[in-house]
Structures are given as C-alpha cells and as structure tokens.
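Here is a short briefing to read alongside the structure. It collects a few spots that may be worth a look before you set anything up.

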Amino acid sequence: MASKRKPIHTPSSTAGAGGANTARPQMNFRQGLNDTTARAEAKGTRPTATPTSIREVLTMMVLHVCKKIIFFDTNLKVPLYLGSLFIVSLIGDFLPYPKTYLARTDNLFNVYFVKMGWAWTLLFSFPYLAMTSVTLCCGDNQRLLRNHLPRLGIATVFWFVWTKLFNIIESSYGRCSVRGFDAKIGCLKAGHLWNGFDISGHAFILIYSSLVLMEEARPIIGWEGIKDLLRNEEHNRSNNDNSQTSNPLKSLKDEDLKALKYFYNRFTPTIRLLFIGMTMLQLLWDVMLVGTMLYHHRMVEKVLSGIIAVVMWFVTYRAWYPIPTVLPDPVGKGMFNYQSIVKPEIGLRRRASLLQPGSATSGAGANAGGVGSGKDIPKFMGMPLYAARQTGTGGSGGANPSTSSLEGTAGGQQGSFGIVKRRKIPDNRHHPSG
C-alpha cells in the first residue's frame, strides 16, 4: 500500500497551552511587504548594457572562433612547427610524397601570396596596429609613432636582412651543374641547375609572419569589455561617484575619456574585420607551410630557417618588448590596462545536497537534525529555493525530530565526511501495534 510522502517543507511546531499544533509552514517570501516596495529596494543604480542584436551575436561567435584559431597555445605551436619541419621534411627526403597542386611552384597561392607574404602580413597588421594603438593611447599620435609602430619596423628589418642573407649564402657557397659558370644568375639563365645551401626563405617568412600576426592581434582580447568600462566610468563621473576604484579608466582625464570613446566607436567595426582577415591569413600561411614541408627544400634548410624565425620572434616579443624601460612598448599597452581585469575562475565542483545542513568543514557545529543556517539555503535571484527546516521544541504537540524521513548523521561524522545519510524508519503499518 502506497503511503503519503511527507512534504519537505515541514511546519515549525510550537507547544501551546493545550498541546495543539498551531504552527504554519515556513513561507518563501516576506509577508506583509508590498511588491512595489521590494522592487524599489532591489533597484540598482548602475547603467545597463544596450540590447544585443542578432548581428552582434553572430559577430561575437565568429570572433570567438577566430580567437581560438589564432591564439593557439605558443607552447604547443612552436614545437609543432619545428617538429613538423623535421619529421615531415625528413620523410620527404627519402620517400617523396605524391604530387598535388601545392607541389607546383606556379600555383596560385605561391605566386600571389607566399611570394608577397610579408606585404600581405603588413596589409592587415599595420592598420590593425594603428587603430588599436591610437585607441588605447586615447588619440596620442606621438605615442603611437614612438611606442608601437616601431614593432612592425623592426620585424620588417629582420625579414629583409635574413632573406637577403639566405640568398647570399646560396650564391656564395654553391656551384653550377655545368662547369664554366661561377655565378648563380648566369647558371640559371643558361638553363642549368645551381646547387647550393638554399635556406628556405618560404619556411622563414611563413613561420615568422604567423607568429607576428598572433602577437599583434592580442589587443582584441578583452576589447569588447572597453564598452562596459566606458559606460560605467561616464556614469560615475556624471553622478560624482568616487566609490568605484576598480575601473581602469578612472585615472584618465575627461578629454582622454572622450577621445577613447570616439576612437573606440569609430574603429571597432574595422578592427573586427581586420582581425578576421588576420586569422584567415594565418590559416593560409599554415597551409602553405605544409606544402613547403612536403615538396620544397631539404630538411636541414627548412629546419634552420624555422629555428631562425622562432628565435627572432622570441627575442623581440618575449624578451625585448616586455622590458618596461626600453622602447617599443609591448602589444596592447596604452594609457590604461583593460586586460588586467581577471574574472573569477569558476571551476568544476560537486553541488551540495539541498538537504545538507552545512559545509563539509562545519565539524561538530553542524546541526544533527538537518537544520541549516540561512546562508546555507540555496537561493535564486535573492530568494530562497525552499524554507529552512526548524525543529519544534517542547510540548506533546511538537514534531518529533527523530521521525523525519531524511536526517543527517551525527555532527562529528558530518564534519568529517560531509555526507548526508538516510535513517531507516520502521514501518509498523502491518503490525497490530502500529
């Protein structure tokens, strides 16, 4: 025979004069309080964000995917570049791979992209760097020219010097397949082959461009949060509210704040498009690098050029630029640090039982009868999900805490293990004495 389940919201019992139970269930709302008054008390003073359109949501989704692609962990990316150059190229030296479209030197991507690889890199990274830096510098063009643009100038110098040096090494330490030609140009014009140590300029430019694009794209991290910082700071200044000290824009002057808002609203759509273009270009460089691994140059020539590219990237972006007393500045540095705000990490943890009165460390202070304090009750939008269970006191009409179908263990055991056990209740319904 099915028995009626006891409600979780047990009434709190108090003993009257005649022992009658006059208690009523614990309610989940404040009685006697007008709803309008409650809403007025909970009304905040901070400005809210504008409604997000479907177009904006789709844009954020595309940007999120692009961030996952271009900001691949460098601790894995760099070893992957060098390891692939070694293994794939070594296999290709002994076991030639099947020919594909990428094996042709006159393929579309090689002629119009890789041959002009650094120009394509500057085409996207230069305006991106200029727009992000002038925004973070609040319109200070001198700071832009002195502290940020030199990074691309230094990278261009490295690209030019190393590619020219590769050509000099090949021309100086090589020879023609036919005697009588001492120069590379004359040998090639005569239709012969020039055998030399040809350090792969393709592998160098593809790896170096990918790493530079990755580093210069970093201002997009946290970029959308500047809009919220601007809105909150304008609200604080209009209301003369100096209590908020965590906003990094608080130290800016009024004219700098206006310049930041102007450049941010003006350049953000273009910055997003350039970032997507940089991601697509970086993907293309990786695809062309695979083609170089499979079909062009020897293993030693490709590995050496890859090592040079990684060393140049590490020396500049990881060792030189982060030095605070030496120019140029690192990527993303401006008149405020919007990327310093760290959100609290939400880790995976086991959810506590609704019937668990306290935490696992409550020890002997936990109530053995299953009564938890108000702060232990789960809440939604400030309101408790269920009423606190209270044990009746005194009188014959009071509820007996030992008859509860769900009851915690002793305080010592609960403090040690944090486990809520079920106490078996004898069923006397089929006995005469029941």
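## Annotated spans and local details

The end C-alpha atoms of residues 117-137 are 29 Å apart, and this span is 95% helix and 0% strand. Please keep in mind that the model is predicted.

**Transmembrane annotation**
- An unreviewed UniProt entry gives the annotation "transmembrane region" to residues 78-97, 117-137 and 271-291.
- For residues 271-291, the end C-alpha atoms lie 30 Å apart, with 100% helix and 0% strand.

**Backbone: positive phi**
- C138 sits in the loop between α5 (117-136) and α6 (141-147), and its phi is near 55°, a positive value in a residue other than glycine.
- C138 is buried, at a relative accessible area of 7%.
- H297 belongs to the loop between α11 (254-295) and α12, and here phi is near 65°, again positive in a residue other than glycine.
- H297 is partly exposed, with a relative accessible area of 26%.

**Backbone: a cis peptide bond**
- The bond from L327 to P328 is cis, with omega near -5°.
- P328 is found in the loop between α12 and β3.

- D329 is in the loop between α12 (299-320) and β3 (379-380).
- A polar contact joins the side chains of D329 and N147 at 2.7 Å.
- Leaving aside residues up to four places away in sequence, D329 touches N147, H148, R151 and Y321.

Terms used:
Residues numbered from 1 in each chain as written. Predicted model: local features only at pLDDT ≥ 70, side-chain atom pairs only at ≥ 80, totals over all residues. Heavy atoms only, no water. Helix = DSSP H or I, 4+ residues; strand = E, 2+ residues; numbered from the N terminus. Polar contact = N/O pair within 3.5 Å; in protein donor to acceptor, adjacent residues only side chain to side chain. Contact = heavy atoms within 4.5 Å. UniProt positions renumbered as here; feature names shortened; annotations may be inferred. Buried < 20%, exposed > 50% of the residue type's maximum accessible area, 1.4 Å probe, protein only.
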